[in-house]
Amino acid sequence: MNKIILFLFVAVSSAMQACANDSTKQIPAAENQLKLAPGFTATVVADKLGRARHIAINSNGDIYVKLERLKDGKGIIRLRDTNGDGVADEQFAFANYAGTGIAISNGYLYASSNSEVYRYKFNAKNEIENPDAPEVIVTGLVDKRQHASKSITLDGKGNIYVNIGAPSNACQEQDRTAGSPGQMPCPILETAGGIWQFKIDQLNQSYADGVRYATGLRNVVGLDWNTSINSLYVTQHGRDQLNTLHPTMYNDAQSAELPAEEFFIVKQGMDFGWPYCYYDPIQKKKVQSPEYGGDGKKEGDCGTKEQPLYAFPAHWGPNALQFYTGTMFPSKYRNGAFIAFHGSWNRAPLKQGGFNVVFLPMKDGKPNGEFEIFADDFVGGEENLSPGKAKHRPCGLAMGTDGSLYVSDDQGGTIWKITYTGK
Amino acid sequence: MIVMKKVIVLSWVVVSVVLMSFYQSSLDKAVMQRGKKVYDTYCLTCHQADGAGVPRMNPPLVKTTYVTGDKKRLINIILKGFNESVELNGDYYDNPIPPQPQLNDQQIADVLTYVRNSFGNKASVITVAEVKAERAKLKKKP
(Lines give C-alpha, C1' and ligand atoms only; values in the text may rest on other atoms or scores of the structure.)
Protein backbone atom coordinates (compact mmCIF):
# COMPACT_ATOMS: atom_id res chain seq x y z
CA MET A 1 0.00 0.00 0.00
CA ASN A 2 2.75 2.39 1.03
CA LYS A 3 4.59 1.58 -2.17
CA ILE A 4 1.57 2.42 -4.27
CA ILE A 5 1.16 5.76 -2.54
CA LEU A 6 4.84 6.52 -2.98
CA PHE A 7 4.65 5.54 -6.63
CA LEU A 8 1.59 7.76 -7.20
CA PHE A 9 3.32 10.64 -5.45
CA VAL A 10 6.39 10.30 -7.64
CA ALA A 11 4.30 9.99 -10.81
CA VAL A 12 2.23 13.07 -9.99
CA SER A 13 5.23 15.20 -9.06
CA SER A 14 7.16 14.29 -12.16
CA ALA A 15 4.11 15.02 -14.32
CA MET A 16 3.79 18.41 -12.62
CA GLN A 17 7.46 19.07 -13.16
CA ALA A 18 7.14 18.23 -16.85
CA CYS A 19 4.29 20.71 -17.20
CA ALA A 20 6.27 23.42 -15.46
CA ASN A 21 9.23 22.84 -17.74
CA ASP A 22 7.07 22.98 -20.85
CA SER A 23 5.62 26.37 -20.04
CA THR A 24 9.01 27.98 -19.57
CA LYS A 25 10.57 26.52 -22.71
CA GLN A 26 7.93 28.05 -25.00
CA ILE A 27 7.71 25.02 -27.23
CA PRO A 28 5.12 25.69 -29.92
CA ALA A 29 2.00 23.88 -28.79
CA ALA A 30 -0.05 21.85 -31.26
CA GLU A 31 -2.88 24.36 -30.96
CA ASN A 32 -0.63 27.04 -32.40
CA GLN A 33 -0.17 25.19 -35.68
CA LEU A 34 -1.78 27.36 -38.33
CA LYS A 35 -3.03 26.28 -41.71
CA LEU A 36 -1.02 28.30 -44.25
CA ALA A 37 -0.85 28.89 -47.99
CA PRO A 38 1.41 26.27 -49.69
CA GLY A 39 5.13 26.91 -49.20
CA PHE A 40 4.79 28.86 -45.96
CA THR A 41 5.80 27.88 -42.41
CA ALA A 42 4.83 29.47 -39.10
CA THR A 43 6.95 29.63 -35.96
CA VAL A 44 5.65 30.67 -32.55
CA VAL A 45 7.88 33.59 -31.56
CA ALA A 46 6.22 34.10 -28.18
CA ASP A 47 3.11 32.94 -26.38
CA LYS A 48 0.75 33.99 -23.58
CA LEU A 49 1.60 37.68 -23.84
CA GLY A 50 -1.96 38.77 -22.98
CA ARG A 51 -4.02 41.09 -25.16
CA ALA A 52 -1.45 41.49 -27.94
CA ARG A 53 -2.93 44.08 -30.31
CA HIS A 54 -0.71 45.75 -32.93
CA ILE A 55 2.99 44.99 -33.42
CA ALA A 56 5.97 46.83 -34.91
CA ILE A 57 9.43 45.55 -35.83
CA ASN A 58 12.63 47.56 -35.57
CA SER A 59 15.55 47.41 -38.02
CA ASN A 60 17.48 45.12 -35.63
CA GLY A 61 14.61 42.63 -35.49
CA ASP A 62 13.20 43.62 -32.08
CA ILE A 63 9.43 43.15 -31.95
CA TYR A 64 7.31 45.67 -30.04
CA VAL A 65 3.89 44.42 -28.92
CA LYS A 66 1.14 46.79 -27.72
CA LEU A 67 -1.15 45.34 -25.05
CA GLU A 68 -4.79 46.29 -24.64
CA ARG A 69 -4.70 45.34 -20.98
CA LEU A 70 -1.72 45.93 -18.71
CA LYS A 71 0.33 42.83 -17.95
CA ASP A 72 2.16 43.13 -14.62
CA GLY A 73 1.49 46.86 -14.89
CA LYS A 74 3.07 47.26 -18.34
CA GLY A 75 1.51 48.01 -21.74
CA ILE A 76 4.33 47.35 -24.24
CA ILE A 77 6.50 44.24 -24.50
CA ARG A 78 9.74 44.18 -26.48
CA LEU A 79 10.63 40.71 -27.74
CA ARG A 80 14.22 39.96 -28.69
CA ASP A 81 15.69 36.87 -30.31
CA THR A 82 19.31 36.83 -29.18
CA ASN A 83 20.36 33.48 -30.69
CA GLY A 84 18.67 33.79 -34.08
CA ASP A 85 16.43 30.71 -33.82
CA GLY A 86 13.27 32.70 -34.51
CA VAL A 87 11.94 32.31 -30.97
CA ALA A 88 12.06 35.33 -28.64
CA ASP A 89 14.27 34.49 -25.68
CA GLU A 90 14.24 37.90 -24.02
CA GLN A 91 11.29 40.02 -22.94
CA PHE A 92 11.37 43.58 -21.69
CA ALA A 93 8.14 45.30 -20.61
CA PHE A 94 7.51 49.03 -20.22
CA ALA A 95 4.82 51.78 -20.60
CA ASN A 96 2.11 52.30 -17.98
CA TYR A 97 -0.83 52.55 -20.41
CA ALA A 98 -2.88 50.01 -22.32
CA GLY A 99 -3.85 50.48 -25.97
CA THR A 100 -3.68 49.20 -29.53
CA GLY A 101 -1.55 51.37 -31.86
CA ILE A 102 2.21 50.92 -32.33
CA ALA A 103 4.55 51.87 -35.17
CA ILE A 104 8.23 52.54 -35.87
CA SER A 105 9.46 55.30 -38.19
CA ASN A 106 12.69 57.30 -38.61
CA GLY A 107 14.31 56.26 -35.34
CA TYR A 108 11.25 56.54 -33.11
CA LEU A 109 8.75 54.14 -31.61
CA TYR A 110 5.18 55.49 -31.57
CA ALA A 111 2.45 53.97 -29.41
CA SER A 112 -1.08 54.92 -28.41
CA SER A 113 -3.38 54.62 -25.46
CA ASN A 114 -7.10 55.10 -26.13
CA SER A 115 -6.68 58.89 -25.82
CA GLU A 116 -2.98 59.73 -26.35
CA VAL A 117 -0.10 59.11 -28.74
CA TYR A 118 3.43 58.81 -27.31
CA ARG A 119 6.85 58.47 -28.85
CA TYR A 120 10.20 57.07 -27.72
CA LYS A 121 13.57 57.79 -29.33
CA PHE A 122 15.91 54.93 -30.22
CA ASN A 123 19.61 55.50 -29.61
CA ALA A 124 22.38 54.32 -31.96
CA LYS A 125 22.16 50.85 -30.37
CA ASN A 126 18.41 50.60 -31.09
CA GLU A 127 17.60 50.91 -27.40
CA ILE A 128 15.03 53.20 -25.82
CA GLU A 129 16.98 55.15 -23.21
CA ASN A 130 14.03 56.45 -21.21
CA PRO A 131 11.24 53.90 -21.53
CA ASP A 132 9.41 55.54 -18.59
CA ALA A 133 9.50 59.06 -20.04
CA PRO A 134 8.00 59.14 -23.53
CA GLU A 135 7.08 62.38 -25.29
CA VAL A 136 3.33 62.97 -25.52
CA ILE A 137 2.66 64.09 -29.08
CA VAL A 138 -1.15 63.86 -29.15
CA THR A 139 -3.50 64.18 -26.19
CA GLY A 140 -7.20 64.39 -25.29
CA LEU A 141 -8.68 62.19 -28.02
CA VAL A 142 -12.22 60.90 -27.57
CA ASP A 143 -12.34 57.75 -25.43
CA LYS A 144 -15.88 56.64 -24.74
CA ARG A 145 -15.05 52.92 -24.48
CA GLN A 146 -16.79 51.79 -27.68
CA HIS A 147 -14.37 51.73 -30.68
CA ALA A 148 -11.84 53.55 -28.50
CA SER A 149 -8.64 51.97 -29.81
CA LYS A 150 -6.36 54.41 -31.66
CA SER A 151 -4.53 52.75 -34.52
CA ILE A 152 -1.61 54.68 -36.00
CA THR A 153 0.56 54.80 -39.11
CA LEU A 154 3.11 57.27 -40.49
CA ASP A 155 3.91 58.64 -43.94
CA GLY A 156 7.65 59.09 -43.35
CA LYS A 157 7.25 62.77 -44.19
CA GLY A 158 6.56 64.15 -40.73
CA ASN A 159 2.93 63.13 -40.26
CA ILE A 160 1.18 60.52 -38.15
CA TYR A 161 -2.35 59.30 -38.96
CA VAL A 162 -4.60 58.34 -36.07
CA ASN A 163 -7.91 56.51 -36.33
CA ILE A 164 -10.55 57.90 -34.02
CA GLY A 165 -13.41 55.41 -34.08
CA ALA A 166 -16.99 56.55 -33.53
CA PRO A 167 -18.24 55.64 -30.04
CA SER A 168 -21.48 54.46 -31.61
CA ASN A 169 -22.95 51.89 -33.97
CA ALA A 170 -25.06 54.08 -36.27
CA CYS A 171 -25.18 57.54 -34.58
CA GLN A 172 -28.69 56.96 -33.23
CA GLU A 173 -29.98 59.33 -30.55
CA GLN A 174 -29.87 56.28 -28.27
CA ASP A 175 -27.11 53.95 -29.37
CA ARG A 176 -28.08 50.44 -30.45
CA THR A 177 -31.72 51.06 -29.50
CA ALA A 178 -34.55 49.85 -31.74
CA GLY A 179 -36.67 52.75 -33.00
CA SER A 180 -34.20 55.50 -32.04
CA PRO A 181 -33.61 57.82 -35.05
CA GLY A 182 -30.24 58.79 -36.50
CA GLN A 183 -28.95 62.21 -35.40
CA MET A 184 -28.86 64.73 -38.26
CA PRO A 185 -26.18 65.87 -38.72
CA CYS A 186 -24.26 63.27 -36.74
CA PRO A 187 -22.40 65.28 -34.04
CA ILE A 188 -19.95 62.44 -33.41
CA LEU A 189 -18.20 63.24 -36.70
CA GLU A 190 -16.75 66.45 -35.24
CA THR A 191 -14.35 64.56 -32.99
CA ALA A 192 -14.48 60.93 -34.15
CA GLY A 193 -15.56 58.66 -36.99
CA GLY A 194 -12.53 59.49 -39.13
CA ILE A 195 -8.77 59.69 -39.54
CA TRP A 196 -6.88 62.60 -37.99
CA GLN A 197 -3.45 63.79 -39.11
CA PHE A 198 -0.92 65.18 -36.60
CA LYS A 199 2.73 66.32 -36.79
CA ILE A 200 5.31 63.91 -35.38
CA ASP A 201 7.61 66.56 -33.90
CA GLN A 202 5.12 68.71 -32.02
CA LEU A 203 4.30 67.95 -28.39
CA ASN A 204 0.85 67.82 -26.73
CA GLN A 205 -1.21 68.33 -29.87
CA SER A 206 -4.96 68.33 -29.35
CA TYR A 207 -7.81 68.31 -31.88
CA ALA A 208 -7.17 72.00 -32.65
CA ASP A 209 -3.60 71.21 -33.76
CA GLY A 210 -4.57 68.28 -35.96
CA VAL A 211 -6.39 67.94 -39.28
CA ARG A 212 -9.49 65.82 -39.79
CA TYR A 213 -7.91 64.06 -42.76
CA ALA A 214 -10.95 61.96 -43.71
CA THR A 215 -14.44 61.44 -42.28
CA GLY A 216 -17.40 59.07 -42.40
CA LEU A 217 -15.40 56.07 -41.17
CA ARG A 218 -17.22 54.24 -38.38
CA ASN A 219 -14.24 52.41 -36.94
CA VAL A 220 -10.90 51.72 -38.56
CA VAL A 221 -8.58 49.39 -36.75
CA GLY A 222 -6.34 48.34 -39.67
CA LEU A 223 -4.48 51.09 -41.49
CA ASP A 224 -1.16 51.32 -43.35
CA TRP A 225 0.77 53.74 -45.49
CA ASN A 226 1.31 52.26 -48.95
CA THR A 227 4.81 53.36 -49.92
CA SER A 228 4.43 52.08 -53.49
CA ILE A 229 2.02 54.89 -54.33
CA ASN A 230 2.44 57.08 -51.23
CA SER A 231 -1.06 56.94 -49.87
CA LEU A 232 -2.99 55.95 -46.78
CA TYR A 233 -5.20 52.85 -46.90
CA VAL A 234 -7.65 51.67 -44.25
CA THR A 235 -10.05 48.84 -43.49
CA GLN A 236 -13.35 49.79 -41.87
CA HIS A 237 -15.51 47.78 -39.47
CA GLY A 238 -19.02 48.12 -40.88
CA ARG A 239 -22.09 48.72 -38.74
CA ASP A 240 -23.81 46.05 -36.67
CA GLN A 241 -27.32 44.84 -35.92
CA LEU A 242 -29.40 45.60 -39.03
CA ASN A 243 -31.85 42.87 -38.07
CA THR A 244 -32.07 43.39 -34.30
CA LEU A 245 -32.65 47.13 -34.81
CA HIS A 246 -34.84 46.80 -37.93
CA PRO A 247 -36.47 43.36 -37.89
CA THR A 248 -39.14 44.35 -40.43
CA MET A 249 -36.52 45.31 -43.03
CA TYR A 250 -33.77 42.72 -42.56
CA ASN A 251 -33.79 39.03 -41.64
CA ASP A 252 -30.96 37.15 -39.90
CA ALA A 253 -29.38 36.02 -43.18
CA GLN A 254 -29.35 39.54 -44.67
CA SER A 255 -27.98 40.99 -41.46
CA ALA A 256 -25.15 38.46 -41.48
CA GLU A 257 -24.06 39.56 -44.98
CA LEU A 258 -24.64 43.33 -44.65
CA PRO A 259 -22.81 45.62 -44.81
CA ALA A 260 -19.43 44.68 -46.31
CA GLU A 261 -16.19 45.31 -44.44
CA GLU A 262 -14.69 47.99 -46.71
CA PHE A 263 -11.12 48.53 -47.91
CA PHE A 264 -10.38 52.12 -48.88
CA ILE A 265 -7.67 54.33 -50.27
CA VAL A 266 -7.80 57.54 -48.23
CA LYS A 267 -6.98 61.01 -49.60
CA GLN A 268 -7.35 64.21 -47.63
CA GLY A 269 -10.94 65.48 -47.46
CA MET A 270 -12.66 62.23 -48.41
CA ASP A 271 -16.04 61.24 -46.89
CA PHE A 272 -16.84 57.54 -46.70
CA GLY A 273 -20.48 57.92 -45.69
CA TRP A 274 -20.93 56.62 -42.13
CA PRO A 275 -23.45 56.87 -40.48
CA TYR A 276 -25.74 57.97 -43.33
CA CYS A 277 -24.84 55.17 -45.76
CA TYR A 278 -23.56 51.61 -45.78
CA TYR A 279 -22.16 49.43 -48.55
CA ASP A 280 -24.33 46.56 -49.79
CA PRO A 281 -22.02 44.01 -51.46
CA ILE A 282 -24.95 42.25 -53.15
CA GLN A 283 -26.32 45.39 -54.85
CA LYS A 284 -22.71 46.59 -55.17
CA LYS A 285 -23.47 50.12 -54.04
CA LYS A 286 -23.90 52.34 -51.02
CA VAL A 287 -27.46 52.69 -49.76
CA GLN A 288 -29.06 54.85 -47.07
CA SER A 289 -28.93 53.58 -43.51
CA PRO A 290 -32.34 52.67 -42.09
CA GLU A 291 -31.79 55.21 -39.26
CA TYR A 292 -31.65 57.90 -41.98
CA GLY A 293 -34.69 56.97 -44.03
CA GLY A 294 -33.25 53.97 -45.85
CA ASP A 295 -35.25 50.87 -46.72
CA GLY A 296 -32.41 48.64 -47.86
CA LYS A 297 -32.65 49.95 -51.43
CA LYS A 298 -32.85 53.76 -51.42
CA GLU A 299 -29.59 55.38 -52.41
CA GLY A 300 -30.22 59.00 -51.43
CA ASP A 301 -26.94 60.85 -51.89
CA CYS A 302 -24.88 57.78 -50.98
CA GLY A 303 -23.58 57.62 -54.55
CA THR A 304 -21.55 60.77 -53.76
CA LYS A 305 -19.67 59.06 -50.93
CA GLU A 306 -16.38 57.25 -51.49
CA GLN A 307 -16.83 53.66 -52.66
CA PRO A 308 -14.67 50.77 -51.42
CA LEU A 309 -11.67 49.55 -53.43
CA TYR A 310 -12.69 46.09 -52.27
CA ALA A 311 -15.58 44.66 -50.25
CA PHE A 312 -14.80 41.91 -47.75
CA PRO A 313 -17.41 39.65 -46.08
CA ALA A 314 -19.54 41.37 -43.45
CA HIS A 315 -18.60 41.52 -39.76
CA TRP A 316 -15.26 39.70 -40.10
CA GLY A 317 -13.53 42.55 -38.22
CA PRO A 318 -10.44 43.71 -40.19
CA ASN A 319 -8.04 44.61 -37.35
CA ALA A 320 -4.75 45.00 -39.24
CA LEU A 321 -3.52 45.99 -42.69
CA GLN A 322 0.03 45.42 -43.92
CA PHE A 323 1.33 46.09 -47.42
CA TYR A 324 3.98 43.58 -48.42
CA THR A 325 7.15 45.29 -49.59
CA GLY A 326 9.60 42.47 -48.87
CA THR A 327 11.30 40.05 -51.24
CA MET A 328 11.12 36.78 -49.27
CA PHE A 329 7.63 35.88 -50.54
CA PRO A 330 6.93 35.04 -54.23
CA SER A 331 6.49 38.02 -56.58
CA LYS A 332 2.67 37.94 -56.57
CA TYR A 333 2.74 39.17 -52.98
CA ARG A 334 4.77 42.32 -53.76
CA ASN A 335 2.82 45.48 -52.85
CA GLY A 336 -0.28 43.41 -52.13
CA ALA A 337 -2.25 43.71 -48.89
CA PHE A 338 -2.37 41.34 -45.95
CA ILE A 339 -5.40 41.82 -43.73
CA ALA A 340 -5.92 40.23 -40.30
CA PHE A 341 -9.57 39.50 -39.53
CA HIS A 342 -10.32 39.38 -35.81
CA GLY A 343 -13.41 37.21 -36.37
CA SER A 344 -17.11 38.05 -36.29
CA TRP A 345 -19.79 38.07 -33.61
CA ASN A 346 -22.56 39.99 -35.36
CA ARG A 347 -23.23 37.19 -37.87
CA ALA A 348 -25.03 35.27 -35.08
CA PRO A 349 -27.24 33.26 -35.16
CA LEU A 350 -25.63 32.37 -38.49
CA LYS A 351 -22.16 30.85 -38.74
CA GLN A 352 -19.34 33.19 -37.69
CA GLY A 353 -16.57 34.18 -40.09
CA GLY A 354 -13.07 35.63 -40.22
CA PHE A 355 -10.52 34.54 -37.59
CA ASN A 356 -7.92 34.47 -40.39
CA VAL A 357 -5.29 36.43 -42.31
CA VAL A 358 -6.10 37.03 -45.97
CA PHE A 359 -4.07 38.29 -48.91
CA LEU A 360 -5.40 40.69 -51.53
CA PRO A 361 -3.21 40.96 -54.65
CA MET A 362 -2.68 44.56 -55.78
CA LYS A 363 -1.17 46.43 -58.71
CA ASP A 364 -0.53 50.18 -58.90
CA GLY A 365 -2.40 50.63 -55.63
CA LYS A 366 -5.56 48.85 -56.81
CA PRO A 367 -6.84 45.33 -56.09
CA ASN A 368 -5.75 42.94 -58.83
CA GLY A 369 -7.86 39.82 -58.31
CA GLU A 370 -9.86 38.30 -55.46
CA PHE A 371 -8.67 37.79 -51.90
CA GLU A 372 -7.37 34.43 -50.74
CA ILE A 373 -7.04 33.02 -47.23
CA PHE A 374 -3.36 33.10 -46.30
CA ALA A 375 -3.41 31.85 -42.70
CA ASP A 376 -6.27 30.00 -41.03
CA ASP A 377 -7.25 27.77 -38.10
CA PHE A 378 -6.64 30.46 -35.48
CA VAL A 379 -9.87 29.29 -33.81
CA GLY A 380 -8.18 25.98 -33.06
CA GLY A 381 -11.25 23.74 -33.05
CA GLU A 382 -14.89 23.95 -33.96
CA GLU A 383 -15.55 26.53 -36.65
CA ASN A 384 -18.87 27.88 -35.55
CA LEU A 385 -18.50 29.00 -32.00
CA SER A 386 -18.81 32.22 -30.11
CA PRO A 387 -15.70 34.42 -30.44
CA GLY A 388 -14.79 34.08 -26.77
CA LYS A 389 -14.11 30.38 -27.29
CA ALA A 390 -11.62 30.87 -30.12
CA LYS A 391 -8.08 29.99 -29.01
CA HIS A 392 -6.62 32.87 -31.04
CA ARG A 393 -7.94 36.00 -32.73
CA PRO A 394 -5.60 37.63 -35.27
CA CYS A 395 -5.19 41.33 -34.48
CA GLY A 396 -1.86 42.74 -35.65
CA LEU A 397 0.51 42.37 -38.62
CA ALA A 398 4.07 43.51 -39.28
CA MET A 399 6.80 42.74 -41.76
CA GLY A 400 10.13 41.45 -40.50
CA THR A 401 13.46 42.82 -41.75
CA ASP A 402 13.92 39.60 -43.75
CA GLY A 403 10.50 39.93 -45.42
CA SER A 404 8.71 37.46 -43.15
CA LEU A 405 5.21 38.28 -41.89
CA TYR A 406 4.44 38.52 -38.17
CA VAL A 407 0.95 38.00 -36.79
CA SER A 408 -0.25 38.88 -33.27
CA ASP A 409 -3.27 37.51 -31.43
CA ASP A 410 -5.14 39.29 -28.64
CA GLN A 411 -6.91 36.21 -27.31
CA GLY A 412 -4.11 33.71 -26.69
CA GLY A 413 -1.34 36.32 -26.72
CA THR A 414 0.63 34.47 -29.40
CA ILE A 415 3.05 36.01 -31.94
CA TRP A 416 3.80 34.00 -35.08
CA LYS A 417 6.50 34.50 -37.67
CA ILE A 418 5.49 33.28 -41.12
CA THR A 419 8.28 32.57 -43.59
CA TYR A 420 8.37 31.30 -47.16
CA THR A 421 10.25 28.04 -47.57
CA GLY A 422 8.83 27.01 -50.94
CA LYS A 423 8.15 23.50 -49.67
CA MET B 1 -38.35 10.92 21.57
CA ILE B 2 -35.29 12.70 20.26
CA VAL B 3 -34.88 10.03 17.60
CA MET B 4 -38.51 10.48 16.61
CA LYS B 5 -38.02 14.22 16.27
CA LYS B 6 -34.98 13.70 14.11
CA VAL B 7 -36.91 11.38 11.84
CA ILE B 8 -39.72 13.88 11.49
CA VAL B 9 -37.34 16.72 10.71
CA LEU B 10 -35.47 14.57 8.25
CA SER B 11 -38.64 13.42 6.48
CA TRP B 12 -39.85 16.98 6.33
CA VAL B 13 -36.57 18.07 4.73
CA VAL B 14 -36.67 15.22 2.23
CA VAL B 15 -40.28 15.89 1.30
CA SER B 16 -39.76 19.61 0.87
CA VAL B 17 -36.63 19.12 -1.26
CA VAL B 18 -38.49 16.68 -3.49
CA LEU B 19 -41.52 18.95 -3.69
CA MET B 20 -39.41 22.02 -4.37
CA SER B 21 -37.40 20.39 -7.12
CA PHE B 22 -40.59 19.05 -8.65
CA TYR B 23 -42.22 22.46 -8.45
CA GLN B 24 -39.10 24.17 -9.81
CA SER B 25 -38.70 21.86 -12.80
CA SER B 26 -42.38 21.93 -13.72
CA LEU B 27 -42.40 25.71 -13.43
CA ASP B 28 -39.17 26.07 -15.32
CA LYS B 29 -40.19 24.17 -18.41
CA ALA B 30 -42.77 26.65 -19.73
CA VAL B 31 -40.90 29.68 -18.43
CA MET B 32 -37.61 28.44 -19.82
CA GLN B 33 -39.15 27.82 -23.23
CA ARG B 34 -40.69 31.27 -23.38
CA GLY B 35 -37.49 32.79 -21.99
CA LYS B 36 -35.37 31.11 -24.65
CA LYS B 37 -37.62 32.53 -27.35
CA VAL B 38 -37.13 36.06 -26.01
CA TYR B 39 -33.40 35.43 -25.64
CA ASP B 40 -33.00 34.17 -29.19
CA THR B 41 -34.86 37.18 -30.59
CA TYR B 42 -33.42 40.06 -28.57
CA CYS B 43 -30.28 38.92 -26.77
CA LEU B 44 -28.48 36.23 -28.73
CA THR B 45 -26.71 38.39 -31.33
CA CYS B 46 -24.70 40.24 -28.69
CA HIS B 47 -24.50 37.66 -25.90
CA GLN B 48 -24.14 34.69 -28.32
CA ALA B 49 -25.90 31.33 -28.32
CA ASP B 50 -23.78 30.06 -25.42
CA GLY B 51 -24.18 33.22 -23.31
CA ALA B 52 -20.42 33.75 -23.43
CA GLY B 53 -20.72 37.25 -24.96
CA VAL B 54 -17.94 38.78 -27.07
CA PRO B 55 -14.53 39.47 -25.51
CA ARG B 56 -14.22 43.11 -24.36
CA MET B 57 -17.38 44.11 -26.26
CA ASN B 58 -20.50 42.37 -25.00
CA PRO B 59 -20.26 40.94 -21.48
CA PRO B 60 -20.71 37.24 -20.76
CA LEU B 61 -23.82 36.08 -18.91
CA VAL B 62 -21.90 33.30 -17.22
CA LYS B 63 -19.88 33.42 -14.01
CA THR B 64 -21.12 36.89 -13.09
CA THR B 65 -23.18 38.09 -10.15
CA TYR B 66 -24.72 40.69 -12.48
CA VAL B 67 -26.81 37.75 -13.72
CA THR B 68 -27.04 35.40 -10.75
CA GLY B 69 -26.97 38.01 -7.96
CA ASP B 70 -29.24 40.93 -7.04
CA LYS B 71 -32.52 40.53 -8.94
CA LYS B 72 -33.44 44.22 -8.76
CA ARG B 73 -30.18 45.29 -10.36
CA LEU B 74 -30.66 42.75 -13.15
CA ILE B 75 -34.28 43.79 -13.81
CA ASN B 76 -33.20 47.44 -13.97
CA ILE B 77 -30.51 46.69 -16.56
CA ILE B 78 -33.27 45.45 -18.88
CA LEU B 79 -35.67 48.30 -18.04
CA LYS B 80 -33.17 51.18 -18.14
CA GLY B 81 -30.27 49.87 -20.20
CA PHE B 82 -26.70 49.98 -18.94
CA ASN B 83 -23.65 51.84 -20.21
CA GLU B 84 -21.03 51.87 -17.49
CA SER B 85 -17.49 50.63 -17.40
CA VAL B 86 -17.50 47.63 -15.08
CA GLU B 87 -14.94 44.93 -14.57
CA LEU B 88 -15.91 41.29 -14.93
CA ASN B 89 -13.15 38.81 -14.09
CA GLY B 90 -10.45 41.30 -15.08
CA ASP B 91 -11.96 42.51 -18.35
CA TYR B 92 -13.99 45.54 -19.36
CA TYR B 93 -16.80 45.56 -21.90
CA ASP B 94 -17.37 48.42 -24.35
CA ASN B 95 -20.84 48.10 -25.80
CA PRO B 96 -23.94 49.51 -24.12
CA ILE B 97 -27.14 47.51 -23.61
CA PRO B 98 -30.14 49.62 -24.62
CA PRO B 99 -33.36 49.74 -22.58
CA GLN B 100 -35.86 47.14 -23.85
CA PRO B 101 -39.22 48.95 -23.94
CA GLN B 102 -40.61 46.37 -26.36
CA LEU B 103 -40.54 43.66 -23.68
CA ASN B 104 -43.49 43.34 -21.27
CA ASP B 105 -43.20 42.26 -17.63
CA GLN B 106 -43.90 38.61 -18.44
CA GLN B 107 -41.21 38.52 -21.16
CA ILE B 108 -38.64 40.13 -18.87
CA ALA B 109 -39.43 37.68 -16.05
CA ASP B 110 -39.17 34.78 -18.51
CA VAL B 111 -35.92 35.81 -20.16
CA LEU B 112 -34.20 36.68 -16.87
CA THR B 113 -35.28 33.38 -15.32
CA TYR B 114 -33.94 31.72 -18.47
CA VAL B 115 -30.49 33.35 -18.34
CA ARG B 116 -30.26 32.78 -14.57
CA ASN B 117 -30.78 29.06 -15.23
CA SER B 118 -28.91 28.51 -18.51
CA PHE B 119 -25.27 28.34 -19.70
CA GLY B 120 -24.32 26.69 -16.41
CA ASN B 121 -26.04 29.32 -14.23
CA LYS B 122 -28.30 28.30 -11.37
CA ALA B 123 -30.23 31.00 -9.54
CA SER B 124 -33.73 31.72 -8.30
CA VAL B 125 -36.57 32.63 -10.64
CA ILE B 126 -37.64 36.19 -11.35
CA THR B 127 -41.38 36.75 -11.13
CA VAL B 128 -43.67 39.08 -13.04
CA ALA B 129 -44.48 40.80 -9.73
CA GLU B 130 -40.79 41.56 -9.17
CA VAL B 131 -40.48 43.12 -12.63
CA LYS B 132 -43.71 45.05 -12.14
CA ALA B 133 -42.45 46.47 -8.84
CA GLU B 134 -39.23 47.76 -10.41
CA ARG B 135 -41.10 49.24 -13.37
CA ALA B 136 -43.46 51.05 -10.98
CA LYS B 137 -40.48 52.59 -9.11
CA LEU B 138 -39.12 53.79 -12.45
CA LYS B 139 -42.38 55.56 -13.33
CA LYS B 140 -42.51 57.39 -10.01
CA LYS B 141 -39.17 59.05 -10.62
CA PRO B 142 -39.40 62.34 -12.51
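Me: Which ring does the charged end of Arg119(A) sit over?
Reply: This is a predicted model, so take the numbers as computed. A charge counts as sitting over a ring if CZ of Arg is within 6 Å of the ring centre and within 35 degrees of the ring normal. For Arg119(A), the charged end is 3.7 Å from the centre, and the ring belongs to Tyr108(A).

Me: And in chain B, how far is the charged end of Arg73(B) from the centre of the ring of Tyr66(B)?
Reply: Here too the charged end sits over the ring. For Arg73(B) and Tyr66(B), the distance to the ring centre is 3.8 Å.

Me: Tyr97(A) and Tyr118(A) form an aromatic pair, but of what kind?
Reply: The whole structure has 38 aromatic pairs over all chains. In this one the centres are 4.2 Å apart with 20° between the planes, and planes under 30 degrees apart count as stacked. So, by that cut-off, the pair is stacked.

Me: Are Tyr97(A) and Tyr118(A) buried or exposed?
Reply: The cut-off for buried is under 20% relative accessible area. Tyr97(A) falls in that class, and Tyr118(A) does too: both are buried.

Me: How many salt bridges are there between chain B and chain A?
Reply: One of them joins Glu68(A) to Arg56(B), with the closest N and O atoms 2.9 Å apart. Between chain B and chain A the count comes to five.

Me: What area is buried between chain B and chain A?
Reply: The contact draws on 24 residues from chain B and 24 residues from chain A. Carbon and sulfur atoms give 49% of the buried area, which is about 2000 Å².

Technical notes. Residues are numbered from 1 along each chain as its sequence is written. Chains are lettered from A and ligands numbered from 1 in the order in which they are written. This is a predicted model: local features need pLDDT of at least 70, side-chain atom pairs count only at pLDDT 80 or more; totals for chains, interfaces and linings use all residues. Side-chain values use heavy atoms; hydrogens and water are left out. Rings of Phe, Tyr and Trp (its six-membered ring) pair if their centres lie within 6.5 Å; planes under 30 degrees apart count as stacked, over 60 as edge-to-face and the rest as tilted. Buried means under 20% relative accessible area, exposed over 50%, partly exposed in between (1.4 Å probe, protein chains only). Contact means heavy atoms within 4.5 Å. Buried area is the accessible area (1.4 Å probe) that two parts lose on being put together, summed over both. A salt bridge is a side-chain nitrogen of Lys or Arg within 4 Å of a carboxyl oxygen of Asp or Glu.
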